[in-house]
Amino acid sequence: MNEKKPHTALELMSSPVYRLAYQDPDLMNLPEMRSVRLMLEAKKPDIELDKAEIDSTIVVFGSARIVDPTTAKHRLTVAQMLLEENPDDERRQRQTAQAEKLLELSKYYVMAREFAKIVSEECKNDTRKNYVVVTGGGPGIMEAANRGAFDADYPSIGLNIKLPREQEPNPYISPELCFHFHYFAIRKLHFLLRAKGLVVFPGGMGTLDEFFEALTLRQTGKMQHIPIILFGKNDYWDKIINFQALVEAGVVDEEDLDLFYVADTPRQAWDYIQRYHAR
């Protein structure tokens with residue numbers, strides 16, 4: 001009868017169970033470990049931002065689809081050419097109409113870039129880093145704001161998110177401040193944790209979500225007092241949201257509309273932020 005041999009040290013050490021817990025990807029991805037993953041996502045940016053001596057931030061929200069005017073014009077030209085090939089194609093008609101609107105909205109790419117450059121230029125000589133621009137890290141308005149800071153040779157932050165259609169970081173984020181999140185909730189936490197201002201440009205569902213969450217937190221006193229600034233109220237937001245109707249329906253107070261300020265120019269927005277904190 002063959003005697004059963006004991007396991008060698010190599011066999012035992014090759015077992016997945018032998019891995020150190022924090023180095024075990026199978027363990028870390030279990031549903032039961034969600035709370036640990038949430039904690040890690042919360043802590044990692046905290047450590048890196050402290051290391052980079054970043055004391056405060058300016059958050060810029062806006063659509064990933066609002067691109068620079070040159071790109072927007074090119075996309076409209078392509079859409080018009082395709083429509084000319086088949087003028088009765090309803091899908092191409094919609095695409096051309098959308099391209100025309102996005103070309104109109106491309107002015108906000110320019111404004112977001114200019115705003116971030118103004119802020120970054122005026123803060124770059126501080127001993128500590130204040131009013132550092134932070135975006136969702138993607139294209140469009142997010143790229144514009146990171147690009148403005150890049151123009152000023154000042155760091156900026158990108159809080160990228162893992163999406164079904166993978167979002168790539170835009171090239172203007174500071175590499176040491178380019179983060180990647182799985183959980184929207186933790187990403188939103190880091191948008192607002194160090195914020196001294198929130199600037200909202202035209203955007204879609206994601207921008208609406210971020211804007212209204214910040215408004216709700218300010219309304220209910222669950223976060224620090226910061227200015228919330230809206231760009232494009234007359235030619236965009238008033239068509240998307242009837243703010244006054246909320247008051248008339250009695251679901252918000254008149255003074256709740258004072259939670260945000262409407263700006264027409266990047267300089268006006270930055271001056272308002274400075275006045276707000278000077279008070």
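**Notebook: cavities and pockets**

I began with the largest cavity, whose volume comes to about 60 Å³. I note at once that this is a predicted model, in which local features need pLDDT of at least 70 and side-chain atom pairs count only at pLDDT 80 or more, while totals for chains, interfaces and linings use all residues. Residues are numbered from 1 along each chain as its sequence is written, and side-chain values use heavy atoms, with hydrogens and water left out.

For the search I worked on a 1 Å grid over the protein atoms alone, taking a cavity as a set of points where a 1.4 Å probe fits but cannot get out, a pocket as an open set with protein on both sides within 12 Å along at least five of seven lines, and lining residues as those with an atom within 4 Å of a point. Grid points are joined across faces, edges and corners, and a volume is the space filled by probe spheres set on the points.

Entry 1, cavities. I found two cavities of 30 Å³ or more by this rule. The largest cavity is lined by P45, L49, T57, V134, I157, L159, H190 and R194, and helix 3 (34–51) and strand 3 (157–161) are the elements that give two or more residues to this lining. I took helices (H or I, at least four residues) and strands (E, at least two) as DSSP runs, numbered from the N terminus.

I then looked up the second largest cavity, with a volume of about 50 Å³, and listed F61, K188, F191, L192, E210, E213 and A214 as its lining. Here helix 8 (184–193) and helix 9 (205–219) are the elements that give two or more residues.

I recorded about 1,100 Å³ of space in the largest pocket, which 33 residues line, with S63, A64, R65, G204 and G206 lying nearest its centre. Strand 1 (57–61), helix 5 (90–105), helix 8 and helix 9 each give two or more residues to the lining of this pocket, and helix 9 gives the most, with five residues.

Helix 3 and strand 4 (178–181) each supply at least two residues of the lining, with helix 3 giving the most, six residues.
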